[in-house]
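Hi there,

Here is the structure I promised to pass on to you. Have a look at it first, and then read on for what turned up when I went through it.

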Amino acid sequence: MLNILVNNFPELMSGLGYTLMSSLIALVGSLIIGTAFALMEISTHRWVSVIGNIYVEVVRNIPLLVITMAFYVIVPQYIAQIDGFTAGTIGLTIYTSAFIAETVRAGIQSVAVGQMEGARSVGMTYSQAMIQIIFPQAFKIVIPPLGNQFINLVKNSSILAFVAGFDLMYQGKIIANATFNTFDTYLAVGVLYLILTMPLSYFMRYLEKKWAVA
Amino acid sequence: MSMIEFHDVEKYYGKFHALKDINLTVDRGEVVTIIGPSGSGKSTLLRTINGLERVQSGQLIVNDFDLADKKTDMNKIRKNVGMVFQHFNLYANKTVMQNITLGPTLVLKRNKDEVHEEALALLDQVGLRDKADSYPSALSGGQKQRIAIARSLAMKPKALLFDEPTSALDPETIGDVLDVMKTIAEGGMTMVVVTHEMGFARHVGNRIVFMADGQILEDASDVGAFFDHPKEPRAQEFLSKIINH
């Protein structure tokens, strides 16, 4: 395994870099999009919540690979030239956002109704109450499930290998094909994924503990 | 000078007729207590006054705004009409000080230092200055409710609504809360109080409203006379059940 690591170090590091970049973009993107759809889902305007629900149900019930392929094949054909990395990252963002929407929605709804009423009763607007009172409490509650989603996201970024996204998995595939040493190659790739996901795991645990105080 | 006026107000939850033909006027400086069996619509009536519940028909004028009119901006009403809840509803993610100062600084856009000074004075008034930096989770029920009252007062409201403010409290902490409410009443605040505290209703309130089945059955300005000789049979029955315990 060390052999593989040393001999293919630049390729593996480049793959690690692409995986990290794709994951970071998708993490931020899916958190924003997911939160927006969570807000839509709980909206009192019926059609807004219906749209939110449809988005979540459609997106989370289609395989990641299908969503990614749609962006890889259809978008370049009809809309704009995008490369595999971009298509894969967009697919990953959209796919994950549906799960984050459900997680955030559950978090918001688990904050006691009285918190919103207390805020509204002093004249705060809906958005002021959300920003000041509901979101901070909801995010605290959803850190553990959100951590799960983020870890899944990093691992799911291996979807880039299917669309020539130059990520860790893609490089692993090339190295395995060239060296015929499949076992050691994927072992090395697995270790490199751990290097990304373990700190993320611990960071989420740290946040959970830190915010539990208040 | 009236602060709150209900004219022929009706309120439904789906098919359930929660408030039936409500007519009630509360003058400025009046302390009105609302009593009645549970499910009689007391809390619903109170919650319509600051728009937490919408009414379906009739007229509901609060501080010169018509709440039955869908175009009325509820936030404008709520700036002037405070609410104290049975379960306090203090912001769990904010300290006591932040709970009190958030409304005035965020909603009224007032100067932070000024609001901070006033908050300290309010904490003195409710006897909890030493809790300024605590989180609500570290307070007892009675302390939470006194902070909730201070939070409402910080908005300098024209009227205060109390929704069973002592019902969730341990018996020994009720007195402190009632004392604070009494002081506010003596200060001339317009108050509408839904309560089971008959002592408060009798000695602090200037008027008593008895509700059952979504209707106002009795509205008495002579509070003593109401307690001694309620006119309505339902009120007689209700009082005898409470007082015989």
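**What I found**

Let me start in chain B, where B:Lys42 is found in helix α1, residues 42–49. Is this lysine buried or exposed? With a relative accessibility of 3%, B:Lys42 counts as buried, since the cut-off for buried is under 20%. Please keep in mind throughout that this is a predicted model.

Which residues touch B:Lys42, once neighbours within four places in sequence are left aside? The contacts are B:Ile34, B:Ile35, B:Gly36, B:Pro37, B:Glu164, B:Val194, B:His196 and B:Met211. B:Leu120, on the other hand, is 78 residues from B:Lys42 in sequence, with 33 Å between their C-alpha atoms.

One of those contacts, B:Glu164, deserves a look of its own. B:Glu164 sits in the loop between β7 (159–163) and α6 (171–186) of chain B, and it is buried, at 12% relative accessible area. Its phi is positive, near 45°, in a residue other than glycine.

B:Asp21 also has a positive phi, of about 45°, although it is not a glycine. This aspartate belongs to strand β2 of chain B, residues 16–27. B:Asp21 counts as partly exposed because its relative accessibility is 43%.

**Helix α5 of chain B and its surroundings**

Helix α5 of chain B covers residues 141–153. Its 13 residues reach 18 Å from first C-alpha to last, close to the 18 Å expected at 1.5 Å a residue. Of these 13 residues, 11 are buried, so α5(B) is largely enclosed by the rest of the structure. Among the buried ones are B:Gln143, B:Arg146, B:Ile149 and B:Arg151.

What do the buried residues of α5(B) pack against? In chain B the partners are β6, α3, α4 (112–125), β7 and α6, and from chain A there is α6.

B:Asn89 ties in with this. It lies in the loop between β6 (81–84) and α3 (96–107) of chain B and is buried, with a relative accessible area of 10%. Leaving aside neighbours within four places in sequence, B:Asn89 is in contact with B:Arg151 and, across in the other chain, with A:Gly114, A:Gln115, A:Glu117 and A:Gly118.

B:Arg202 is in helix α7 of chain B, residues 198–203, and counts as partly exposed at 34% relative accessibility. Not counting residues up to four places away in sequence, B:Arg202 touches B:Val223, B:Gly224, B:Phe227 and B:Asp228.

**Over to chain A**

Chain A has nine helices and zero strands. Its C-alpha atoms fill a box of roughly 70 × 45 × 25 Å along the principal axes. Of its 214 residues, 50% are buried. Taking contacts between residues at least 6 apart in sequence, 73% join residues at least 24 apart. Chain A exposes about 10,700 Å², and carbon and sulfur atoms supply 69% of that area. As for charge, the mean positions of its 10 positive and 9 negative charges are 10 Å apart.

A:Ala112 lies in the loop between α5 (84–110) and α6 (113–121) of chain A. A:Ala112 is partly exposed, at 49% relative accessible area. Its C-alpha is 8.9 Å from that of A:Ile134, which is 22 residues away in sequence.

Last comes helix α9 of chain A, residues 182–212. How does its span agree with what 1.5 Å a residue would give? The 31 residues should span 45 Å, and the end C-alpha atoms are 44 Å apart, which agrees. Even so, α9(A) bends by about 25° at A:Ile195, and a proline, A:Pro199, follows within four residues.

The buried residues of α9(A) include A:Asp184, A:Ala188, A:Leu192, A:Leu196 and A:Met204. The buried residues of this helix pack against α1 (2–7), α2 (9–41), α7 (126–156) and α8 (168–179) of chain A.

Terms used:
Residues are numbered from 1 along each chain as its sequence is written. Chains are lettered from A and ligands numbered from 1 in the order in which they are written. This is a predicted model: local features need pLDDT of at least 70, side-chain atom pairs count only at pLDDT 80 or more; totals for chains, interfaces and linings use all residues. Side-chain values use heavy atoms; hydrogens and water are left out. Helices (H or I, at least four residues) and strands (E, at least two) are DSSP runs, numbered from the N terminus. The expected span of a helix is 1.5 Å times one less than its number of residues. The bend at a residue is the angle between axes fitted to the seven residues ending there and the seven starting there. Buried means under 20% relative accessible area, exposed over 50%, partly exposed in between (1.4 Å probe, protein chains only). Contact means heavy atoms within 4.5 Å. Accessible areas come from the Shrake-Rupley method with a 1.4 Å probe; for residues, only the protein chains shown count as cover. Lys and Arg count as positive and Asp and Glu as negative; His and the chain ends are not counted. The place of a charge is taken as NZ of Lys, CZ of Arg, CG of Asp or CD of Glu.
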